[in-house]
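Please keep the sequence and the model at hand while reading.

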Amino acid sequence: MEFTDYDTRLAAYAVVVDDQDRVLLALWNEAAEPQWTMPGGGVDLEEQAAEGAVRELLEETGYEVELGRLLGVDSYVIPPSRRHIATSRPMKAVRVVYEARVVGGELTRELDGTTDEARWIPLDEVADLPRVGLVDIALGLWRASR
């Protein structure tokens with residue numbers, strides 16, 4: 001399939017782990033049941049991926065962050081039947097994952113967005129959470145980079 005025959009969504013996320021071995025996660029509300037995800041999301045047309053990650057983290061968590069290393073890029077295909085819009089086109093989701101640290105702000109919840117809350121979760125409790133696959137992928141990239 002040629003690149004003109006499908007849609008592409010660029011998104012950027014960040015792994016933020018504090019000195020107490022807690023990871024910052026956001027509760028995504030667009031699934032049938034809310035699931036935890038990495039904070040981040042869609043990159044606007046005029047933004048670079050890094051700018052989108054910083055903006056999304058502020059919107060979803062209330063924190064200003066400084067990005068560190070690029071941890072990796074992950075992609076997957078969403079068939080038309082699983083898209084949130086009526087279409088016959090599949091979508092390739094491209095997710096850029098950074099490491100980041102909090103440099104300001106205060107933990108708050110996003111208003112009228114795709115997440116209902118943000119929370120610091122101990123790393124050893126993540127495996128027991130209802131979560132999207134991106135959490136495991138991002139934490140795997142973060143662990144591999146250490």
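## Burial and overall build

A residue is called buried when its relative accessible area is under 20%, exposed when over 50%, and partly exposed in between, with a 1.4 Å probe and protein chains only. By that definition, buried residues make up 42% of the 146 residues in the protein chain. This is a predicted model, in which local features need pLDDT of at least 70 and side-chain atom pairs count only at pLDDT 80 or more, while totals for chains, interfaces and linings use all residues. Residues are numbered from 1 along each chain as its sequence is written, and side-chain values use heavy atoms, with hydrogens and water left out.

The protein chain has two helices and seven strands, taken as DSSP runs numbered from the N terminus (helices H or I of at least four residues, strands E of at least two). Listed from the N terminus, their order is β-β-β-β-α-β-β-β-α.

## An open sheet

Three strands, in the order E3-E2-E7, form an open sheet with antiparallel pairing, where two strands pair if DSSP finds at least two bridges between them. Strand E3 (35–37) and E7 are the edge strands, each pairing on one side only.

Strand E2 (residues 22–28) is joined to E3 by three bridges, and Leu27 has Trp36 in E3 as its bridge partner.

## The aromatic pair

One aromatic pair is found in a search of the whole structure. The ring centres of Tyr63 and Trp120 lie 5.9 Å apart with the planes at 55°, so the pair is tilted; rings of Phe, Tyr and Trp (its six-membered ring) pair if their centres lie within 6.5 Å, and planes under 30 degrees apart count as stacked, over 60 as edge-to-face and the rest as tilted. Tyr63 belongs to strand E5 (residues 63–78) and Trp120 to strand E7 (residues 115–122), 57 residues apart, and the pair thus links distant parts of the chain. Both Tyr63 and Trp120 are buried.
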